[in-house]
Amino acid sequence: LIEYIKRVKAAVPNIPVGYVDAYYTFVNYPEIVEVCDVIYANCYPFWEYCSIDIAVEYMKKMYELAVSSSQGKPVIISETGWPTKGESYGGAVPSYINAMNYFIQSFTWAKQENILMFYFSSFDEVWKMSQEGEYGAYWGIWDKDGHYKFSQTIKK
């Protein structure tokens, strides 16, 4: 990986180059941080069995760990989100209400703190069901047919 990053940086010397992975990768592998110009950290409280009640606070801690390991380089939350449907994952419970609350709270925090963040995902990816179960397929703001999932009434 490090050699690939170096190769890309040599090929495009005036373009910042980064790497996307789970936030803890940058804590565990500072040698990756060394060669990057920017850090793209995926922060998913859901996948760490986190209850929605503390999910945004938990995500902030994930981000803070990436920042503390970034060697002063910019950190962007490259993915975060909450599924609308599926089985519970420890204390993490998929639902429309939880997904909407997580979306609003996470973006409110990111805007207040001037943190760049990408939300995952635009559309449900039902093809993932065979590998990740229902909770892997229903992360979208829109369903698989392009219908906005959070219209006038919230479905539980």
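Modeller: This is a predicted model. Begin with F103. Its relative accessibility is 31%, so F103 counts as partly exposed.

Biologist: And F107, what does F107 count as?

Modeller: Partly exposed, because its relative accessibility is 29%. The cut-offs matter here: buried means under 20%, exposed means over 50%, and partly exposed is in between.

Biologist: How is a pair of aromatic rings described?

Modeller: By the distance of the centres and the angle of the planes. In this model, F46 and W82 form an edge-to-face pair, 5.2 Å centre to centre with 85° between the planes. F46 sits in the loop between β2 and α4, and W82 in the loop between β3 and α5, so the pair ties together parts 36 residues apart in sequence. Both F46 and W82 are buried.

Biologist: What kind of pair do F103 and F107 form?

Modeller: A tilted one. The centres are 4.9 Å apart, and the planes are at 50°. F103 and F107 are separated by about one helical turn because they are four residues apart in helix α5.

Biologist: How many aromatic pairs does a search of the whole structure find?

Modeller: It finds 22. One aromatic cluster includes Y44, F46, W82, Y102, F103, F107 and W139.

Biologist: Which ring does K85 lie over?

Modeller: The ring of Y138. K85 lies over its face, at 4.8 Å from the ring centre.

Biologist: Now the core. What is the general idea?

Modeller: In soluble globular proteins, nonpolar side chains tend to be buried together. Here, the largest nonpolar core has 39 residues. I77, W82 and Y102 have the most contacts inside it.

Biologist: Which elements give two or more residues to this core?

Modeller: They are α2 (23–28), α3 (30–35), β2, α4 (55–68), β3 and α5 (96–113). Of these, α4 gives the most, with six residues.

Biologist: What does Y102 touch?

Modeller: Leave out residues up to four places away in sequence, and the contacts of Y102 include P45, I52, M59, W82 and Y119.

Biologist: Last, the sheet. What is the strand order?

Modeller: The order is β1-β2-β3, in an open sheet of three strands with parallel pairing. β1 (18–22) and β3 (75–79) are the edge strands, and each pairs on one side only. On average, neighbouring strands are turned by 30° against each other, direction ignored.

Biologist: How many bridges join β2 and β3?

Modeller: Four, in the parallel sense, with β2 covering residues 38–42. To find one of the partners, look at A41: its bridge partner in β3 is I77.

Note on methods:
Residues are numbered from 1 along each chain as its sequence is written. This is a predicted model: local features need pLDDT of at least 70, side-chain atom pairs count only at pLDDT 80 or more; totals for chains, interfaces and linings use all residues. Side-chain values use heavy atoms; hydrogens and water are left out. Two strands pair if DSSP finds at least two bridges between them. Axes are lines fitted to C-alpha atoms, for helices over the stretch in contact, and angles run from 0 to 180 degrees between N-to-C directions. A nonpolar core is a set of buried Ala, Val, Leu, Ile, Met, Phe, Trp, Tyr and Cys residues joined through side-chain atoms within 4.5 Å. Buried means under 20% relative accessible area, exposed over 50%, partly exposed in between (1.4 Å probe, protein chains only). Contact means heavy atoms within 4.5 Å. Rings of Phe, Tyr and Trp (its six-membered ring) pair if their centres lie within 6.5 Å; planes under 30 degrees apart count as stacked, over 60 as edge-to-face and the rest as tilted. A charge sits over a ring if NZ of Lys or CZ of Arg is within 6 Å of the ring centre and within 35 degrees of the ring normal.
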